[in-house]
Amino acid sequence: PGALHIMAKRGDAESIVWLLDRGADPNALWAHWDADVTPLHLASWGCNPEVARVLLERGANPAIHDSRHNGGALDWAEHFGCIEIVRMLEAK
């Protein structure tokens with residue numbers, strides 16, 4: 001883990017696809033600041049809907065909660081005001 005999370009945070013969907021094609025785990029937890037989070041948390045935090053879409057299509061589980069705030073990706077998207085990801089996750 002780590003590279004996938006960094007690319008999710010940066011909004012780099014092309015790199016996300018490349019990493020997933022090579023076996024990266026879309027549900028891996030990674031310590032970011034003071035919480036263990038998934039790439040989908042970071043896509044929600046950065047409001048990167050294309051990255052969120054790719055991760056969801058490749059098996060990301062939006063129900064995984066972070067280790068500090070106990071929030072899933074939907075909670076993060078709502079908190080950071082990313083309406084497009086909120087709608088995407090609510091439709092899932």
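Angles under 35 degrees between N-to-C directions count as roughly parallel, and those over 145 as roughly antiparallel. The model treated here is a predicted one.

**Exercise 1. Determine how helices H2 and H4 are oriented to each other, and describe their contact.**

Step 1. Helix H2 covers residues 13-21 and helix H4 covers residues 49-57; their axes lie 9 Å apart and form an angle of about 20 degrees.

Step 2. An angle of about 20 degrees falls under the limit of 35 degrees, and H2 and H4 are therefore roughly parallel to each other.

Step 3. The handedness of the H2 and H4 crossing is right-handed.

Step 4. On the H2 side, the contact is made by Ala13, Ile16, Val17 and Leu20, which meet Glu50, Val51, Val54 and Leu55 of H4. By class, this contact of H2 with H4 has seven nonpolar residues, one charged residue and no polar ones.

**Exercise 2. Carry out the analysis for helices H1 and H2.**

Step 1. Helix H1 spans residues 3-10, and H1 and H2 pack at an angle of about 160 degrees with their axes 9 Å apart.

Step 2. Since the limit for the antiparallel class is 145 degrees, H1 and H2 are roughly antiparallel to each other.

Step 3. The crossing of H1 past H2 is left-handed.

Step 4. Ala3, Leu4, Met7 and Ala8 of H1 meet Ser15, Ile16, Leu19 and Leu20 of H2. The contact of H1 with H2 divides into seven nonpolar residues, one polar residue and no charged ones.

**Exercise 3. Identify the buried residues of H4 and the elements that cover them.**

Step 1. In H4, the buried residues are Pro49, Val51, Ala52, Val54, Leu55 and Leu56.

Step 2. The cover over these buried residues includes H1, H2, H3 and H6.

Step 3. Just after H4, Gly59 adopts a positive phi of about 100 degrees.

**Exercise 4. Is Ser44 buried or exposed, and is Glu90 buried or exposed?**

Step 1. Ser44 belongs to helix H3, residues 39-45. Its relative accessibility is 0%, so Ser44 counts as buried.

Step 2. Neighbours within four places in sequence being set aside, Ser44 is in contact with Ala73, Trp76, Ala77, Phe80, Cys82, Ile85 and Leu89.

Step 3. Glu90 is located in helix H6, residues 83-91. With a relative accessible area of 53%, Glu90 is exposed.

Step 4. Under the exclusion of neighbours within four places in sequence, Glu90 is in contact with Leu74 and Glu78. The C-alpha atoms of Glu90 and Pro62 are separated by 10.0 Å, the two residues being 28 apart along the chain.

**Exercise 5. What is the overall organisation of the chain, and which radius of gyration would a compact globule have?**

Step 1. The secondary structure comprises six helices and two strands, and from the N terminus the order of elements is α-α-β-β-α-α-α-α.

Step 2. For 92 residues, a compact globule would have a radius of gyration near 12 Å; the chain has 11 Å, which agrees.

Step 3. Along the principal axes, the C-alpha atoms fill a box of roughly 30 × 25 × 20 Å.

Step 4. Of the 92 residues, 42% count as buried. Among contacts between residues at least 6 apart in sequence, 60% join residues at least 24 apart.

Technical notes: Residues numbered from 1 in each chain as written. Predicted model: local features only at pLDDT ≥ 70, side-chain atom pairs only at ≥ 80, totals over all residues. Heavy atoms only, no water. Helix = DSSP H or I, 4+ residues; strand = E, 2+ residues; numbered from the N terminus. Buried < 20%, exposed > 50% of the residue type's maximum accessible area, 1.4 Å probe, protein only. Contact = heavy atoms within 4.5 Å. Axes fitted to C-alpha atoms, helices over the stretch in contact; angles between N-to-C directions. Parallel < 35°, antiparallel > 145°, perpendicular 65-115°, else oblique. Left-handed = near helix turned anticlockwise from the far one by under 90°. Nonpolar A, V, L, I, M, F, W, Y, C, P; charged D, E, K, R; others polar. Rg over C-alpha atoms; globule rule 2.2 N^0.38 Å.
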